[in-house]
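Keep the viewer open as you read, and follow along heading by heading.

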Number of protein chains: 2
Amino acid sequence: MEEIIENTLLYDFYGELLTDHQKRIYEDVVFQDLSLTEVAEQEGISRQGVHDMIRRCEKALRGYEEKLGLVHKFQETRELVAEIHRLAGECRRTGDTEILRQIEQISEQIEAL
Amino acid sequence: MEEIIENTLLYDFYGELLTDHQKRIYEDVVFQDLSLTEVAEQEGISRQGVHDMIRRCEKALRGYEEKLGLVHKFQETRELVAEIHRLAGECRRTGDTEILRQIEQISEQIEAL
């Protein structure tokens, strides 16, 4: 996965486990694309301090995913649902109702995740 | 939701964020249904200590859900997938292909969660 998408997903899932201070700095650098120097001035800490904080946040977010794996689980669900979506459209266009068995099977697969 | 189901789900999602010690005690009391006294003897701590530990674990697990809401999100997904599952079966039995639009709509709804 591209790093920016990965970071967004991880932050989306686990960001609330960071402190407010961490969240603010992380968002400014990673999502608002402010420079380390800008954020350092704004927060009254060193540039290196901002850099270290970002690394610590990334490490924490990755650590949560390693332990819980919920981003992965959601991604998997979403891909399967996209497949159901596609199949339902195909079934509607082609009238091939055999596809419905596939939809049922994929549903079962998701329910078992 | 029944408390035992809620506890199981919360533990299932966030249990890995507890320490090994907490996990062991929590599992023994909540899932193995051992008495506080039994676990206290086994762990060499007081009965009150076991009791407090369980409360702390429950509080931590609930705290994670309050912050992240991932159990809720998954429950919601699962209910919608169950509905797709049911509709696909109905469509296959009745031949009413209008149902396919509903399946597509629900898929979109899940994808937007």
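## Two domains in chain A

The C-alpha centres of domain 1 and domain 2 of chain A are 36 Å apart. Domain 1 covers residues 3-68 and domain 2 covers 72-111, with bounds that come from an automatic or database domain assignment.

A word on the ground rules: this is a predicted model, in which local features need pLDDT of at least 70 and side-chain atom pairs count only at pLDDT 80 or more, while totals for chains, interfaces and linings use all residues. Residues are numbered from 1 along each chain as its sequence is written, chains are lettered from A and ligands numbered from 1 in the order in which they are written, and side-chain values use heavy atoms, with hydrogens and water left out.

## A buried isoleucine

Have a look at A:Ile54, which sits in helix 4 (residues 47-68) of chain A; helices here are DSSP runs (H or I, at least four residues), numbered from the N terminus. With a relative accessible area of 5%, A:Ile54 is buried (under 20% relative accessible area, using a 1.4 Å probe and protein chains only).

Which residues does A:Ile54 touch, not counting residues up to four places away in sequence? They are A:Ile25, A:Tyr26 and A:Val29, where contact means heavy atoms within 4.5 Å. A:Ile25 is 29 residues from A:Ile54 along the chain, yet their C-alpha atoms are separated by 7.4 Å.

## One side of helix 3 in chain B

Helix 3 of chain B (residues 36-43) has buried residues at B:Leu36, B:Val39, B:Ala40 and B:Glu43. They lie on the same side of the helix because they cover an arc of only 105 degrees around its axis, taken from the directions from the helix axis to the C-beta atoms.

Their cover includes helix 2 (20-31) and helix 4 (47-68) of chain B. After helix 3 of chain B comes B:Gly44, with a positive phi near 65 degrees.

## Where the chains meet

Chain A and chain B each bring 29 residues to the contact. Together they bury about 3100 Å², 68% of it on carbon and sulfur atoms; this is the accessible area (1.4 Å probe) lost on putting the two parts together, summed over both.

There are two salt bridges between the chains (a side-chain nitrogen of Lys or Arg within 4 Å of a carboxyl oxygen of Asp or Glu). A:Arg92 forms a salt bridge with B:Glu104, their closest N and O atoms being 2.6 Å apart. On the side of chain B that touches chain A, helix 1 (3-14), helix 4, helix 5 (70-94) and helix 6 (99-111) of chain B each supply at least two residues. Helix 5 of chain B gives the most to that side, with 13 residues.

Note on methods: Buried means under 20% relative accessible area, exposed over 50%, partly exposed in between (1.4 Å probe, protein chains only).
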